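This briefing is for a reader meeting the structure for the first time.

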Amino acid sequence: MHVQDSHWSSVATTGATMSAPAGSGRADGPRTTPLRVDAQRNLEHVLRAAREVFGELGYGAPMEDVARRARVGVGTVYRRFPSKDVLVRRIAEEETSRLTDQARAALGQEDEPWSALSRFLRTSVASGAGRLLPPQVLRVGVAEEHGPSDQARLPQQRTQPAGELRLVPEDPAPAGGAPEDDAGAAQLLDVVGQLVERARAAGELRPDVSVSDVLLVIATAAPSLPDAAHQAAASARLLDILLEGLRSRPA
């Protein structure tokens with residue numbers, strides 16, 4: 001799994017459009033629009049490169065690698081994203097939203113509970129989104145009996161036996177942090193929880209499988225390999241094995 005912890009900055013993501021630099025000695029004229037077009041193009045290049053680099057190397061990859069992949073100077077990256085934490089937050093938010101949309105689509109378009117869950121897993125693994133999920137979604141720990149509970153984050157998982165892997169929250173966010181991060185993660189956990197509960201109620205999912213297990217499958221079933229065809233084949237094979245492990249077996 002390539003996702004690495006990152007200290008999440010409280011700096012809010014700035015607007016998508018950059019204005020002309022101040023102090024140029026010239027009034028804003030015909031150059032304003034081309035500058036905005038160039039800034040938007042650079043932003044798209046940087047975001048695409050960041051998804052690729054962080055997906056391959058994890059969130060610990062340096063900004064210089066992102067700039068090199070985007071074919072822009074590192075100063076261009078920092079002008080749009082004043083710190084790496086801001087860029088990491090942007091990518092993680094987008095990937096969390098993408099997974100949430102995929103889970104909702106599976107819920108709405110598949111009547112069979114197991115088909116819905118497996119469709120979500122296959123779609124998510126194929127998209128590679130699991131490699132870019134934020135740490136607060138993927139962080140797991142062994143829950144101790146009568147220990148601190150994270151049931152508020154996992155309302156669908158109230159009856160899990162003690163000792164299994166469960167999602168645990170990050171350290172408390174500093175004052176002025178970004179609550180939308182937690183809101184996005186909570187939406188993802190809620191929708192995936194519905195998929196899990198439906199499959200469990202239908203007797204098609206092992207009773208000990210939790211939301212965290214499903215998200216870990218997404219994160220680990222998409223290994224980064226240099227050859228795209230080999231990577232796709234390896235992901236499909238690994239996911240088939242993991243899906244078999246999730247299914248319930250007749251007593």
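In this predicted model, the count of salt bridges comes to 11.

**Salt bridges**

- Arg51 pairs with Glu94 in a salt bridge whose closest N and O atoms are 2.4 Å apart; because Arg51 lies in helix H1 (residues 32-57) and Glu94 in helix H4, the pair ties together parts that are 43 residues apart in sequence.
- Arg51 is partly exposed, with a relative accessible area of 26%, and Glu94 is also partly exposed, at 25%.
- Another salt bridge joins the side chains of Glu56 and Arg69, at 2.9 Å from N to O, and this pair links distant parts of the chain, with Glu56 in helix H1 and Arg69 in helix H2, 13 residues apart.
- Glu56 has a relative accessible area of 37% and is partly exposed, while Arg69, at 35% relative accessibility, counts as partly exposed.
- The side chains of Asp208 and Arg206 meet in a salt bridge as well, at 2.7 Å from N to O.
- Salt bridges that share partners join Arg51, Arg90, Glu94, Glu95 and Arg98 into one network.

**Nonpolar cores**

- The largest nonpolar core has 33 residues, and those with the most contacts inside it are Phe120, Leu121 and Val192.
- At least two residues of this core come from each of helix H4 (84-109), helix H5 (113-127), helix H7 (179-201), helix H8 (211-220) and helix H9 (228-246), and H7 gives the most, with 8 residues.
- Val192, leaving aside its neighbours within four places in sequence, is in contact with Ala103, Phe120, Val211, Val214 and Leu215.
- A second, separate core of 22 residues includes Leu43, Ala49, Ala50 and Ala70.

**Packing of H5 and H8**

- The axes of H5 and H8 come within 8 Å and cross at roughly 35°, and the crossing is right-handed.
- From H5, Leu117, Phe120, Leu121, Ser124 and Val125 meet Val214, Val217 and Ile218 of H8; by class, this contact has 7 nonpolar, 1 polar and no charged residues.

- Arg71 has a positive phi of about 60° although it is not a glycine, and its place is in the loop between helix H2 (63-70) and helix H3 (74-80).
- Arg71 counts as exposed because its relative accessibility is 79%, where exposed means over 50%.

Notes
Residues are numbered from 1 along each chain as its sequence is written. This is a predicted model: local features need pLDDT of at least 70, side-chain atom pairs count only at pLDDT 80 or more; totals for chains, interfaces and linings use all residues. Side-chain values use heavy atoms; hydrogens and water are left out. A nonpolar core is a set of buried Ala, Val, Leu, Ile, Met, Phe, Trp, Tyr and Cys residues joined through side-chain atoms within 4.5 Å. Buried means under 20% relative accessible area, exposed over 50%, partly exposed in between (1.4 Å probe, protein chains only). Helices (H or I, at least four residues) and strands (E, at least two) are DSSP runs, numbered from the N terminus. Contact means heavy atoms within 4.5 Å. Axes are lines fitted to C-alpha atoms, for helices over the stretch in contact, and angles run from 0 to 180 degrees between N-to-C directions. A crossing is left-handed if the near helix is turned anticlockwise from the far one by less than a right angle, and right-handed if clockwise. Ala, Val, Leu, Ile, Met, Phe, Trp, Tyr, Cys and Pro count as nonpolar, Asp, Glu, Lys and Arg as charged, and the others, Gly among them, as polar. A salt bridge is a side-chain nitrogen of Lys or Arg within 4 Å of a carboxyl oxygen of Asp or Glu.
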